[in-house]
Amino acid sequence: MENKQISTQTAEQTQTSELMHLLKATPRGLSNEEAERRLAQFGVNEITEKTTSLIVKFLGYLWGPIPWMIEAAAILSLVVHHWVDLGIIVTLLLFNAGVGFWQEYQAGNAVAALKKKLALRSRVLRQGSWQLLNARELVPGDIIRLRAGDIIPADAKLIDGDYLSVDQSALTGESLPAGKEKDDVVYSGSIAKQGEMIALVTTTGAHTYFGRTARLVAGAGKASHFQKAVLQIGDYLIYLSLGLVVILVLVQLFRGASFTELLQFALILTVASIPVAMPAVLSVTMAVGAVALSKMKAIVSRLESVEEMAGMDILCSDKTGTLTQNKLTLGKPQRFEAVDAQELILAAALASKSENNDSIDLAVIDGLDDPQILGQYESLAFVPFDPVGKRTEATVRDNHGHTFKVTKGAPQVVMELAGLDRDNRTKAEQIVDELAATGQRTLGVARTREDGSWQYMGILPLFDPPREDSAETIAQAKTHGIQVKMVTGDNLAIAREISGKLGLGKNIRNADQLLGEGQSSDGDDLAARTEAADGFAQVFPEHKFRIVKALQEKGHIVGMTGDGVNDAPALKQADMGIAVSGATDAARAAADLVLTAPGLSVLVKAVEEARRIFERMNSYAVYRITETIRIMIFVVLAMIVFNFYPITAIMIILLAFLNDVPIMTIAYDHTGLEPGPVRWNMHRIVAVSSIMGLTGVAGSFLMLYIALDLLHLSIPQVQTYIFLKMAVSGHLTLFVARSKGFFLKKPYPAPVMIWSALATKVIGTLLAAYGFGLITPIRWSEITLIWGYSIVWAFLTDWTKTLVYRHFNPRSRRHIQFPETVHRHLAPHSTHGGVHP
């Protein structure tokens, strides 16, 4: 035997006898010794996972630009014995790391959920006798027995038996059970619904169809745009602070300052420049938003996904169970000799058995206006469906004692049974062909007359109908700037029919032809074709994964919905993986958002809330950079010009408390709703923040001039004076930063935000007035001047802010830069607004 397993594709294309030879399998099964040897060679039949220790995961959150800055400040505090500073900084560092670590820990492991899907026990032929073994002990070449209700334990080729109905919707996305016969291949993780057959195991463990899905999940992943934005902000502040530190060190050394003084100032500057609370504030903002989303029946499993949802511009939606009901339903009955539609459905229902739990039988019975009518008939004999006869047949007696037969099955078989004449046969075949073109299955139905001859009652179409809210939800998604693409394992005909009904367009591509390995095309061309398609049919897990990656390569933020194991890799790779109601454990574990209400209608509301959350985070980012520039540049320049500390170390710590801790109320702020996807626009954020910050620096220097030359305050009083000015201006800056227009216009700040700002301003004012042994007090007249000056300067800062936004938006409107394909799907009124990359 070759030192490798037989691939599923090879198993499908190879005759059973040749496959038995390749695997060195015998009709008596493997010997125990051979099975042990193969187990050692191929490994156990399970999915192995790579694990990282919790300690290593936690330490990972202490590594990066912002943690480095915080750690540097902690080291400086330790060196100069500033124990209070050290305690505050270390607490913030551990808090930020703890929030990130806990969210990752709670998210769970998608591979573990996939492992739980594997069958636990299996009936195996070993040394000529059937044994019940753990599924993990199966090896290629084993012969197994599959029965209704079994979870298929490995990829296998059916070698004996008549028929096996297999539900593989969780793997392939097919909405209907697949009929399997001898020489067909069945997949690990699918479920046997009817029948019993003998199978030859060809592939086990991670090499199975199911295992490849698990490997894709384990290898999938993406860097959060939120994490990238935080790193960009951190890098910007690092370069700025390092530049200022170099300048100051050179100046102070030239002036003959002691090394200890330089170290102390470096501490002050570092603490002032580090956005120590930024990761925590943004995480809390997203966490509060996640609670709001949970009330909408949308559970967030990864905090950063809230921000990704706000920027999502393409949604790849699984068809079966998401856009459709995943429930076979009768279409319009096509009558031949039936008096009416209900007589036709009744004849088919009498040829069905509800206890078989067959999806076709249940759909037929559900089509009756009054299912209780079946109680008037007694079933005397029943012949179930088989792949040879291709029909069911029942012998029935009604409540008047009349006995007759009914049958339903393949239309051509039933036509032949009823002996249709040429005209009626032509008509029936035309109806079947037309329904097949729209992706509908058909059943022929017949019943015996009194003389025992068969009469053709008619044809029943079967299809998986769209959810009632799907079309409306898709239309709403388009008005929000989100293009929806359908992804399904069903054939092109079914996909195009459903896509047309839902208003998605009919440019549905065969995934294998579009993405297949045999098609040579460069990545850009593939991504462009993927972007242009309205949907994809005959999709396998590898296809879904590649579809998401191709769209991401074109710069899209991609959402992917799904409910089955087959969706898990793409759910994890997508920027926004969405597990719909009723999803498997594997899909839920891989997803960023889990919907607990049926359908996608809740998703539109979730997107709206996510965009509001994003606006809060964007406002905080502008505020935080503004404050850093305002404090840091002023302190450095004041030191260079006046050769004294304009603010003390304890004052900087107090400012960090007064400005950053209460700022977490921004998580509850009222914000406007952008009509389209929003993304981090770092150029604009830095430009707005820089102008606002420099305006604040100018205001602080003017206040310093007033304090020194007009009020003639002492240095300690000047420091208190500047401290109160920065404390009062701090929250006024937040109210300015939270809007892109005039800051007194709607939507107004949340009450909790206003009251927290007032409370901290009052604390700062009382500190300035009375000192409390921490700082030098100043007079109430000077405090009044600071308050009045800060309020007036806030209006000036607001004016400069609006000028910058007008520079970025010349027509005074917020512009979204959508990808070209999205523009085609937007209503005219929704082609602008929001934030562009």
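In which helix do Arg 612 and Glu 609 both lie, and how many residues apart are they? Select the two in this predicted model: they belong to helix H26 (residues 601-642) and sit three residues apart, about one turn of the helix. Their side chains meet in a salt bridge, with N to O at 3.8 Å, and while Glu 609 is buried with a relative accessible area of 10%, Arg 612 counts as partly exposed at 24% relative accessibility.

Next, select Asp 142 and Arg 126, which form a salt bridge whose closest N and O atoms are 2.8 Å apart. This pair links distant parts of the chain, since Asp 142 is in the loop between strand E2 (129-134) and strand E3 (143-147), whereas Arg 126 is in strand E1 (residues 121-126), 16 residues apart. Asp 142 is buried, with a relative accessible area of 0%, and Arg 126 is buried as well, at 6%.

Move on to Lys 544 and Asp 318, whose side chains meet in a salt bridge of 3.3 Å, N to O. Here helix H23 (residues 541-553), which holds Lys 544, is linked to strand E9 (residues 314-318), which holds Asp 318, the two residues being 226 apart; both are buried.

Then select Glu 34, Arg 37 and Arg 38 together, which are linked in a network of salt bridges.

Finish at Lys 725, in helix H29 (residues 715-737), which is buried yet has no salt bridge, the nearest side chain of opposite charge, Glu 627, being 7.9 Å away. Leaving aside neighbours within four places in sequence, the contacts of Lys 725 include Arg 630, Met 703 and Tyr 789.

Methods:
Residues are numbered from 1 along each chain as its sequence is written. This is a predicted model: local features need pLDDT of at least 70, side-chain atom pairs count only at pLDDT 80 or more; totals for chains, interfaces and linings use all residues. Side-chain values use heavy atoms; hydrogens and water are left out. Helices (H or I, at least four residues) and strands (E, at least two) are DSSP runs, numbered from the N terminus. Buried means under 20% relative accessible area, exposed over 50%, partly exposed in between (1.4 Å probe, protein chains only). Lys and Arg count as positive and Asp and Glu as negative; His and the chain ends are not counted. A salt bridge is a side-chain nitrogen of Lys or Arg within 4 Å of a carboxyl oxygen of Asp or Glu. Contact means heavy atoms within 4.5 Å.
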